[in-house]
There are 2 protein chains.
Amino acid sequence: MNTANKKRIPESTISRLNLYLREVLILNELKIPRISSADLGERTNLSDAQIRRDLNYFGSFGKTGSGYAVPELVKSLRKILGREEFWNIAVVGAGSLGSAFMKYSGFNKENLHLIAAFDNDPAKVGQKINNIPIHDIVQIRPVLQEKKIAICVITVPAQNSQAVVDEAVAAGIKCILNFAPVALTAPDDVIVRNVDLSGELEILTYFLVH
Amino acid sequence: MNTANKKRIPESTISRLNLYLREVLILNELKIPRISSADLGERTNLSDAQIRRDLNYFGSFGKTGSGYAVPELVKSLRKILGREEFWNIAVVGAGSLGSAFMKYSGFNKENLHLIAAFDNDPAKVGQKINNIPIHDIVQIRPVLQEKKIAICVITVPAQNSQAVVDEAVAAGIKCILNFAPVALTAPDDVIVRNVDLSGELEILTYFLVH
DNA sequence: AATTGTGAACCTCTTCACAGCT
DNA sequence: AGCTGTGAAGAGGTTCACAATT
């Protein structure tokens, strides 16, 4: 009967909640009215207990005996994941990875909007990729503020990434997704998540020899 | 005094070992002869105990009182991570993310070689990106075998990724890095690692509202 | 009969702390 | 004196298993 819970929530729970949201969005399209934790587990390769535990960190959304109502679960998961509001996103670094982000339209729904890019290459500044304008990096602070950007995706070379973080933080950004393979420094109230793409590839050789 | 250990090794340990290798390669360039777990911890934002524990899964590489000899540590880490041999890599899907991989030369050292790509678009087949030839996807099986590819990076749309896995497995591939946001099926002796790029972005909104 | 919500058990990974080595 | 290697404790996350509910 609780609707919120003080217990510390594992980060892996948040990733899974996002998977659940994807799945129930599909179920909702298919007009499937309800789903049990066991069935949702089947579809996501997770255990029923894991799913119930994850959801219960945030409340009691299910009905004993009949599972979870799909439209309500969509709503609850959107609420939990902060997907009821709109969020503007900018990519810093319009190189190959930054461009890949701009060309990928998969997240230009569900209230996420990639609307600006930055680069220091004069040949790129002023151009558009997938209709997203590339601004001069020297304009980063005013443009981030003007366009009300909430999230920065950093795809610049490692040696420039800390400087970008500093500028973004100065512009009031609270959330950064970093692809440079370096440990970045930011104030405690700024969330920095790191994705190490070449690291992901590099560790595969371990599994090949073991 | 042990040189190997039966205990189960956390996957996070493997990722960290890769970070240690990067770091000691830099130290080696700088001709720094030895490093303590505390100093390496400083450089990687990890605790000294964590580093000793990680290394000790694989042996006793340090010297009591003086730390770890850098050149020996480079050698040991390369050995552990399977980086003493050469490995050929192919990218399947020469879209924006696949192209980003091809253009990124950061891992074309340390014995990893991205040497082939595949796509089903006639306009791309026969072209080269960063000198890497793009083959017709229908030729995937013979080309993977001919070129002795060990690792496949899958960057095709979600709906095609399982078919690609099946082809790769049929060609004898044992190691796959998958970027499609779907749960893939493969035999137990095939390692599939998943990276969910849009998921990484999507969960950020959670942290923004909490 | 079906399925949730959850305390407790379990398992995994990290940190502590120190004996022992150089 | 400095630092590793590691048993033991601690923290964190997952699974079990079942009472409670519809």
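Across the interface of chain A and chain B of this predicted model, 18 residue pairs are in polar contact, both at pLDDT 80 or more. A polar contact is a pair of N or O atoms within 3.5 Å; within protein, one must be able to donate a hydrogen and the other to accept it, and residues adjacent in sequence count only if both atoms are side-chain atoms. The side of chain A that touches chain B divides into 32 nonpolar, nine polar and ten charged residues, with Tyr, Cys and Pro among those counted as nonpolar and Gly among the polar.

The rule also finds six salt bridges across this interface, each a side-chain nitrogen of Lys or Arg within 4 Å of a carboxyl oxygen of Asp or Glu. In one, B:Glu202 pairs with A:Arg22, their closest N and O atoms being 3.2 Å apart.

Contact (heavy atoms within 4.5 Å) involves 51 residues from chain A and 51 residues from chain B. The buried area, meaning accessible area (1.4 Å probe) lost on putting two parts together, summed over both, is about 4600 Å², and carbon and sulfur atoms give 73% of that. A:Leu201, A:Tyr206 and A:Leu208 lose the most area on the side of chain A, together 14% of what that side buries.

Elements of chain A that give two or more residues to this side include the following.

| Element (chain A) | Residues |
|---|---|
| α1 | 11-29 |
| α5 | 96-103 |
| α8 | 197-202 |
| α9 | 204-209 |

Helices (H or I, at least four residues) are DSSP runs, numbered from the N terminus.

Residues are numbered from 1 along each chain as its sequence is written, and chains are lettered from A in the order in which they are written. Local features need pLDDT of at least 70, side-chain atom pairs count only at pLDDT 80 or more, and totals for chains, interfaces and linings use all residues, while side-chain values use heavy atoms, leaving out hydrogens and water.
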